[in-house]
Amino acid sequence: MARIVNKINEHWEFEKQGKRTDISLPHTWNAEDGQTGPELYFRGVCTYRKKLKRPELAPGQQVYIEFRGVNSSMAVYMNGKELARHDGGYSTFRVNVTDALEEDNTLEVLVDNAPNDKVYPQRADFTFYGGIYRDVYMILADQSHFDLDYYGGSGFKITPEVNKESAIVSFETYSVGEAEKIVVSTVGAGETELVLETVDGKTYGKGSITISNVHRWNGVDDPYLYEATAVLYRGGKAVDTVTERFGCREFRFDAKEGFFLNGRHYPLHGVSRHQDRLGVGNALTREMHEEDMDLILSMGANSIRLAHYQHDQYFYDLCDEKGIVVWAEIPYITVHMDTGRENTIQQMKELIIQNYNHVSIMCWALSNEISLQGVTEDLMENHRILNNLVHEMDRTRVSAMANLFLLETDSPLVSLPDIRGYNLYYGWYVGDMEDNDEFFDEFHQKYPDTAIGLTEYGADSVIALQSPKPEKGDYTESYQALYHEHMLEMFATRPYLWGTYVWNMFEFAAAGRDEAGDPGKNHKGLVTFDRKKKKDAFYIYKAWWSTEKFIHLCGSRYHDRVEDMTEIKVYSNLEKIVLYVDDKLFAEQEGQHVFRFHVPIHSVHRIKAVGSSGDTSFEDSMEIAKVDVPNPLYFMSLDKVRNWFDAPRDNEEGREGYLSINSTMSEIQATKQGAELLAGMMSQMTGKTAGGMGEGVAIPEAMQKIVARQPLRKLLQQGGMELEPEKLQQLNQILNQIPKATV
Ligand code: GCB
């Protein structure tokens, strides 16, 4: 009997706190409360039930239920009998239900997203939506079948190795039950019968083909895919079949010149992506995945960091098809748990086994900003195990890590994985945008033989907020755009960067946040949470990265302007822009990417920017108005800002002329009492890096100047030294007694 696969998303009963409703999958119970913050969303156990008739079964035929993603843990019952449990909300998991089946059955799945200390993630800047939020399938498989019980994989592993014009493609299969022969055939690249070896009831098949004139998978320019089908024969009949796609390509990281794909310099122009959207949570449809991909491609990106966990198979498929180079990772994030090692190993095995054949993936990342609370021996050991695991399981890709900006560049943790990447937020949380440039210059000078990339950077903006004088921390669309302008300029003069990843392509839910009057979200997206609006910053990327010609007028949402002379800014990949004000020619400008015009305004004006490429002309227009009083909708009170790592801001006023927790490190160090206080704090913080404040941990050189400029409060937060609100107040009161040093 050939394999039969049916989606069983319809007609489920969902029970939350005693209340039952009929739903269809994909589903999350946090679609609303997970997006309104701060932290009030339901986290606990809910139940999903489905009635199932026993299917007609041939002798020996096996029935599996396949879950493509259930967050975070689940227990699966059939007719009241527990069959399996799974920890980890992002991978595929299958349960063999054959022996528990009766004529009429109830499949019951208990899903749990409550906090615990063994399943990652537990602390991170995104909502842990609970639910069966991806598809569920029923699989009927012959008694002999490609292994469905091994970490959710397909049982068919394909390893292409390219050498000049040709490629050797190795096939490995894992199957259970008797197998007479297994044949792998490809479309256009021949076929081969595998050599089989059976050990303890499991059959391992091995074989290879040579493609003499290989068509490479060449990124977005030519994402060519091959297809291979493995067929298992028993009793002279084909009884099980698995089809997988694969691609042939080479890549490497060069310390001086960055990333190379198939021998050609191919800087990775990347964005990060989370899997959720407004009103839907993580229960995305295929159309939604496709829309995300289209938006990313339309901006000209060629790489995606699929953060901070395993994404839907369908999205990796899209990446293969579109030629996107992918950074894949497990949710080992923010805070290391001594009790979580087993779960990191399991999630890494699942990630690799389930995604091995995706040509788009270039690396398996071990963790993200895991040193926030310091680097302990257990954390190091956990990383060594994961790093070795990656190398054992996949010799064709590299291991990676996204490091916290505070992690010293010579920490043994930094040099453990094959490639280096830092998450830097200079110009947003800390320091100035130029500090990014300095960081890389110093890194590159100090480690000229080490390839380095930027795994995260970004700035929040709420689309309604506008400013003629954008400043760090003001959450305006205008500052975000300026910040990204700077970053792109910076990349252009540092070709050694192997890749850069905007945090984030889309706004996403972060239940712990309450910022800029729009709680529950991280606003670093270049596109709004509902995918409906592209912020100005989107277009500066398009101007640098995309070959699709366009003109974009910035500030179209900044309608009411108080200044007499306003700046009109155009982002475009055309070489000349002509600006019209009230339909009269105002000025022409030649340039690249950014065109700035200064226009006197006195009433309502119509602004139009025009350009052309060959015979095609492009234009964008908007209306602005001179007003006397600033539009209050464009500003937000900074008091409303509460970051996910912030403590409440109550009772924190400083005394004029005295120190406070908002004083910078250099201000505090400049006073004798302040310096003593800091020294005392450091000695209590053994084992924490906390901005280099841990005992015996030197502040990295590149960081010292920046640290000196930081307010103490920020450093405590960023360094993972979270003080209770009362402690924070106490510390503030002590500082309030110390007069500032006079300069
Ligand atoms: C980070 C984290 C990411 C956060 C981001 C931010 O470094 O890796 O999960 O969302 O910063 O926006 O603060």
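The legends below describe close-up views of a predicted model.

**View 1. Surroundings of the ligand.** In this predicted model, 14 residues surround the ligand, and the closest are Asp125, His308, Glu369, Tyr429 and Lys524.

**View 2. The packing of helix H1 against helix H2.** Helix H1, which covers residues 286-299, packs against helix H2, residues 313-322, at an angle of about 35°, and the two axes are 10 Å apart. Their crossing is right-handed. On the H1 side, the contact is made by Arg286, His289, Glu290, Asp292, Met293 and Leu297, while H2 contributes Tyr314, Phe315, Leu318, Cys319 and Lys322. Sorted by class, this contact between H1 and H2 holds 6 nonpolar residues, 1 polar residue and 4 charged residues.

**View 3. The packing of helix H5 against helix H6.** The axes of helix H5 (residues 434-446) and helix H6 (residues 477-492) come within 9 Å and cross at roughly 25°. Angles under 35 degrees count as roughly parallel, and H5 and H6 are therefore roughly parallel to each other. The crossing in which H5 passes H6 is right-handed. Where the two helices meet, H5 supplies Glu434, Asn436, Asp437 and Phe440, and H6 supplies His486, Met487 and Met490. The residues of this contact between H5 and H6 fall into 3 nonpolar, 2 polar and 2 charged.

**View 4. The packing of helix H6 against helix H7.** Helix H6 also packs against helix H7 (residues 536-545), at an angle of about 20° and with the axes 8 Å apart. With such an angle, H6 and H7 are therefore roughly parallel to each other. The crossing of H6 and H7 is right-handed. From H6, the contact is made by Glu477, Gln480, Ala481, His484, Glu485, Leu488, Glu489 and Ala492, and from H7 by Asp536, Ala537, Ile540, Tyr541, Trp544 and Trp545. The residues of this contact between H6 and H7 comprise 8 nonpolar, 2 polar and 4 charged.

**View 5. Cis peptide bonds in two loops.** Most peptide bonds are trans. Leucine 25 and proline 26, however, are joined by a cis peptide bond, with omega about 0°. Proline 26 belongs to the loop that lies between strand S3 (19-23) and strand S4 (45-53). A cis peptide bond also runs from tryptophan 503 to asparagine 504, and its omega is near 15°. Asparagine 504 sits in the loop between strand S34 (499-502) and strand S35 (508-509).

**View 6. A positive phi at asparagine 79.** Most residues other than glycine have a negative phi. Asparagine 79, which is a residue other than glycine, has a positive phi, near 50°. The loop that holds asparagine 79 lies between strand S7 (73-78) and strand S8 (81-87).

Technical notes. Residues are numbered from 1 along each chain as its sequence is written. This is a predicted model: local features need pLDDT of at least 70, side-chain atom pairs count only at pLDDT 80 or more; totals for chains, interfaces and linings use all residues. Side-chain values use heavy atoms; hydrogens and water are left out. Axes are lines fitted to C-alpha atoms, for helices over the stretch in contact, and angles run from 0 to 180 degrees between N-to-C directions. Helices (H or I, at least four residues) and strands (E, at least two) are DSSP runs, numbered from the N terminus. Angles under 35 degrees count as roughly parallel, over 145 as roughly antiparallel, 65 to 115 as roughly perpendicular and the rest as oblique. A crossing is left-handed if the near helix is turned anticlockwise from the far one by less than a right angle, and right-handed if clockwise. Contact means heavy atoms within 4.5 Å. Ala, Val, Leu, Ile, Met, Phe, Trp, Tyr, Cys and Pro count as nonpolar, Asp, Glu, Lys and Arg as charged, and the others, Gly among them, as polar. A residue is near a molecule or strand if one of its heavy atoms lies within 4 Å of it.
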